[in-house]
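This report covers the sheet, the helices on it and the nonpolar cores of the model shown here.

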Amino acid sequence: MHELAVTESILAITLKHAEKAAARRVTDIHLVIGQLSSIVDDSVQFYWDMISENTMAQGAKLHFNRIAARMKCMSCGQEYEMEHRLEPCPACQSYSLQVMAGEEFYLDSIEVEN
């Protein structure tokens with residue numbers, strides 16, 4: 001259910017910047033979402049279609065750019081892309097890991113018509 005709150009924030013940010021740009025309508029929204037975030041694309045799209053209705057963002061296409069999870073082993077220094085959650089370091093099997101990428105979630109860009 002947290003996707004509703006997240007989607008409401010995306011809409012608020014989108015409308016704020018579109019109005020600042022004197023846009024007539026928003027056509028595209030580009031989101032960056034890390035593999036380790038708990039955001040579900042289909043849920044965001046579902047809520048988007050509902051809450052953007054009757055706004056200048058109605059019908060805007062959402063683009064989801066997924067960022068792979070990159071980890072660094074704190075035991076041996078190995079850096080690697082994580083395939084599955086709770087996966088140990090492939091070099092030494094340690095679970096002492098630091099997330100280098102994959103927790104991102106942000107609105108990257110908005111395309112509008114003036």
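Three strands form an open sheet in the order E2-E1-E6, with mixed pairing. Strands pair if DSSP finds at least two bridges between them; helices (H or I, at least four residues) and strands (E, at least two) are DSSP runs, numbered from the N terminus. Strand E2 (61-67) and strand E6 (105-113) are the edge strands, each pairing on one side only. From one strand to the next, the twist averages 15 degrees.

This is a predicted model: local features need pLDDT of at least 70, side-chain atom pairs count only at pLDDT 80 or more, and totals for chains, interfaces and linings use all residues. Residues are numbered from 1 along each chain as its sequence is written, and side-chain values use heavy atoms, with hydrogens and water left out.

E1 and E6 are antiparallel and share eight bridges. Asp 28 stands opposite Glu 111 in E6.

| Helix | Strands | Angle |
|---|---|---|
| H1 | lies across E1 and E6 | about 40 degrees to E6 |
| H2 | touches E1 and E2 | about 160 degrees with E2 |

The largest nonpolar core has 16 residues, and those touching the most other members include Ile 10, Leu 31 and Trp 48. Such a core is a set of buried Ala, Val, Leu, Ile, Met, Phe, Trp, Tyr and Cys residues joined through side-chain atoms within 4.5 Å; buried means under 20% relative accessible area (1.4 Å probe, protein chains only). H1 gives the most to this core, with five residues.

Definitions and conventions. Buried means under 20% relative accessible area, exposed over 50%, partly exposed in between (1.4 Å probe, protein chains only). Axes are lines fitted to C-alpha atoms, for helices over the stretch in contact, and angles run from 0 to 180 degrees between N-to-C directions. Contact means heavy atoms within 4.5 Å.
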